[in-house]
Amino acid sequence: MSRSAHPAGPRHADVMTEGHYTAPPADLNALDEKVWARTVTRDEDGAITVGGIGATRLAEEFGTPAYFLDESDFRARCRAWADAFGPGADVFYAGKAFLSRAVVRWLQEEGLNLDVCSGGELTTALDAGMPAERIAFHGNNKTVAEIERAVTAGVGRIVLDSFQEIARVAHIAQRLGKRQRVQIRVTVGVEAHTHEFIATAHEDQKFGIALAGGQAAEAVRRALTLDGLELIGIHSHIGSQIFDMAGFEVSARRVVQLLAEVRDEHGVELPEIDLGGGLGIAYTSEDDPREPHEIAKALGDIVTRECEAAGLATPRISVEPGRAIVGPTAFTLYEVGTIKPLEGLRTYVSVDGGMSDNIRTALYDAEYTVVLASRTSDAEPMLARVVGKHCESGDIVVKDAFLPSDLAPGDLIAVPATGAYCRSMASNYNHALRPPVVAVRDGQARVIVRRETEEDLLRLDVG
Ligand code: LLP
């Protein structure tokens, strides 16, 4: 997303920095509701609050860095997705975005299903009481032990990702005396407009079986002959952080074409299609995400139209949003440490976390915004780069953002839209302690994932 480059002083009103055009917002204290969880606002002292609790109190009670998650927003987004798709479709929350036992309970209470992609996620889901039939199990290299556990538990579906896996799951299910419901994940050959590391529908990557060259048709042929499998449908996930519906539409059309081929060849109408997750959220004010009801309508219309054209009954649709549910619901709160102004460039603002709690900036060149959270300020804007405390110069949390020039060590700053793929991708790099996730709702805050301690680190180090 290179926009331009020319040096400018840190306090210039309108600055082009390498890679990113940034202009200071009209009001540095404003909270753009697009990027903040729904209950976030500023209290009369100027500190940001979530669920009715101020950032200063949250930092005192839970420490920093920490993720604060707006539980009522999470639940509202679950309901919005469930309502948009209605009783004739299924919404599976993608647990890889962020999963904990509390999240699993919220999903159950709000009527969502769950997509897991590892034995660890499966364990968390089952432990928190998610009924196995509401779980979909994904992954391009599920181990035999994971498959055995999933089949034994009775998961609602296993999404088969390769020819070997078709045979493996069939064999395991048969050995366990079961018939496992499965879908086949296909790659439909569309280029989703997103970062290459999170695009998954083109052929030259590790996931799924290509529609091209008749491979997916061959996979269906095999799955239909195996006693251990009940093939219930076709799955396609085209990538992540996508705004343009065109890729989903092409994907839906191609999956329906495959259903028609399967009907013609085998006389079987597969009853389900899953169109994956991947819907984008606003990380900055420039992003314009779609609402769940628009997405549901666009996907429903295209599937219905294509099925009518092919003379097929409309299959049951499922989707797997992760980021779009949890992403906007949380922010990360940091304490400002050292501040290093570089005349003519920018000011480096170091915080007490970094790439260990948000790897997305370093990994995907992701964009975030930041605000002063413990107070408001009328000081001039200064062009800042928020960096972590790790031994890497790429340890950047927010590449370019304006913060007030009176920012001082001890101030709290908050980065919004960190609910997805931040805690779930957090690491112990430099023996950092992974931050807690605190759920806030109606004036109550409770830790749902506790902060790691040095004892946790030493416990794994068995000498
Ligand atoms: N379904 C499948 C099969 C997936 O592979 C994924 C994400 C999802 C659903 C959920 O996608 P979402 O709605 O959250 O975009 N770490 C990257 C994102 C990786 C996504 C992997 N698969 C990031 O931080 O952007």
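Student: Which side chain meets that of Asp 288 in a salt bridge?
Tutor: This is a predicted model: local features need pLDDT of at least 70, side-chain atom pairs count only at pLDDT 80 or more, and totals for chains, interfaces and linings use all residues. Residues are numbered from 1 along each chain as its sequence is written, and side-chain values use heavy atoms, with hydrogens and water left out. A salt bridge puts a side-chain nitrogen of Lys or Arg within 4 Å of a carboxyl oxygen of Asp or Glu. At 2.9 Å, N to O, the partner of Asp 288 is Lys 34.

Student: How many salt bridges count between domain 1 and domain 2?
Tutor: Take the bounds, from an automatic or database assignment. Domain 1 is 15–70 + 328–460, and domain 2 is 138–321. Between them the salt bridge count is one.

Student: How many residues does domain 2 give to the contact?
Tutor: Contact means heavy atoms within 4.5 Å. Domain 1 supplies 11 residues. Domain 2 supplies 11.

Student: Which residues of domain 1 lose the most area to domain 2?
Tutor: Buried area is the accessible area (1.4 Å probe) that two parts lose on being put together, summed over both. The two domains bury about 1,100 Å² between them, 58% of it on carbon and sulfur atoms. Three residues together make up 41% of what the domain 1 side buries: Lys 34, Tyr 364 and Glu 367.

Student: Where does the ligand lie relative to domain 1 and domain 2?
Tutor: Look at which parts supply its shell. Both domain 1 and domain 2 give residues to that shell, so the ligand lies between them.

Student: Which residues come nearest to the ligand?
Tutor: A residue is near if one of its heavy atoms lies within 4 Å. There are 19 residues around the ligand. The nearest are Ser 240, Glu 320, Arg 360, Tyr 364 and Tyr 421.

Student: How much of the exposed area of the ligand does the protein bury?
Tutor: A polar side-chain atom of Ser 240 lies 2.3 Å from a ligand oxygen. Backbone N or O atoms also lie 2.8 Å from a ligand oxygen, in Gly 278 and in Arg 323. Alone, the ligand exposes 570 Å² (Shrake-Rupley, 1.4 Å probe). Of that area, the protein buries 91%.

Technical notes:
A polar contact is a pair of N or O atoms within 3.5 Å; within protein, one must be able to donate a hydrogen and the other to accept it, and residues adjacent in sequence count only if both atoms are side-chain atoms.
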